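Thanks for coming, everyone. Let me put the structure up and walk through it.

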Amino acid sequence: QVRLVESGGGWVQPGGSLGLSCTASGSIRSFVVMGWYRQAPGKQREWVAAITSGGVSDYADSVKGRFTISRDNAKNTVYLQMNNLKPEDTAVYYCNRKPPSPYWGQGTQVTVSS
């Protein structure tokens, strides 16, 4: 089972930027689609962004134009660059395949507040 470890979260003011990383313990080359997800307090986990092994990306409407997903198969890493962050982006962010496997990492906390 490939283990996924998310990092890069933190606190940022509205309008700020953060970059998240998700590093796998094994190869992600066979994972056709990788995604980022988030879960805000009291809410269900939701999909945020996805990228295919060929580099085609897709985004939830709420983050389109502000977030950018990328992947480096050689480094077994998926990234999420988040710009123009809003308070409603506050959540724990996770990466997983899309559709997701049952195995989730610990996630990384992103807090957007003034």
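Asp89 and Arg66 are both buried. Buried here means under 20% relative accessible area, exposed means over 50%, and partly exposed is in between, with a 1.4 Å probe and protein chains only. Before I go on, the ground rules. This is a predicted model: local features need pLDDT of at least 70, side-chain atom pairs count only at pLDDT 80 or more, and totals for chains, interfaces and linings use all residues. Residues are numbered from 1 along each chain as its sequence is written, and side-chain values use heavy atoms, with hydrogens and water left out.

Back to that pair. The side chains of Asp89 and Arg66 form a salt bridge, N to O at 2.7 Å. The cut-off for a salt bridge is a side-chain nitrogen of Lys or Arg within 4 Å of a carboxyl oxygen of Asp or Glu. Strands are DSSP runs of E, at least two residues, and they are numbered from the N terminus.

Asp89 counts as buried because its relative accessibility is 0%. Arg38 counts as buried too, at 6%.

Step back for the general point. Side chains of opposite charge can pair when their charged atoms come close. Here the pairs join up: Arg38, Glu46, Arg66 and Asp89 are linked in a network of salt bridges.

How many salt bridges are there in the whole structure? The search finds 4. One of them joins the side chains of Lys64 and Asp61, at 3.3 Å, N to O. Lys64 is partly exposed, with a relative accessible area of 47%. Asp61 is exposed, at 65%.

Now stay on Arg38. Its side chain makes a polar contact of 2.7 Å with the side chain of Glu46. Another polar contact, at 2.9 Å, goes to the side chain of Tyr93. A polar contact is a pair of N or O atoms within 3.5 Å; within protein, one must be able to donate a hydrogen and the other to accept it, and residues adjacent in sequence count only if both atoms are side-chain atoms. Leaving aside neighbours within four places in sequence, Arg38 is in contact with a list of residues including Val48, Ser62, Phe67, Glu88 and Val92. Contact means heavy atoms within 4.5 Å.

Gln44 is on that contact list as well. Is Gln44 buried or exposed? Gln44 is exposed, because its relative accessible area is 72%. It lies in the loop between strand 4 (33–39) and strand 5 (46–52).

Next, the sulfurs. The count comes to 1 disulfide, using a cut-off of 2.5 Å between cysteine sulfur atoms. It joins Cys22 to Cys95, S to S at 1.7 Å. Cys22 is in strand 3 (residues 18–24) and Cys95 is in strand 9 (residues 91–97), so the pair ties together parts that are 73 residues apart in sequence. The torsion about the S-S bond is about 45°, so this disulfide is right-handed. Cys22 is buried at 1% relative accessibility. Cys95 is buried at 0%.

Asn76 touches Cys22, among others, not counting residues up to four places away in sequence. Asn76 lies in the loop between strand 7 and strand 8. Its side chain reaches the backbone nitrogen of Ile28 at 3.4 Å.

Last item, the core. The rule for a nonpolar core: buried Ala, Val, Leu, Ile, Met, Phe, Trp, Tyr and Cys residues joined through side-chain atoms within 4.5 Å. Which residues touch the most other members of the largest nonpolar core? Of its 28 residues, they are Trp36, Phe67, Ile69, Leu80, Met82 and Tyr93. Elements giving two or more residues include strand 7 (67–72), strand 8 (77–82) and strand 10 (108–112). Strand 3 gives the most, with 4 residues.
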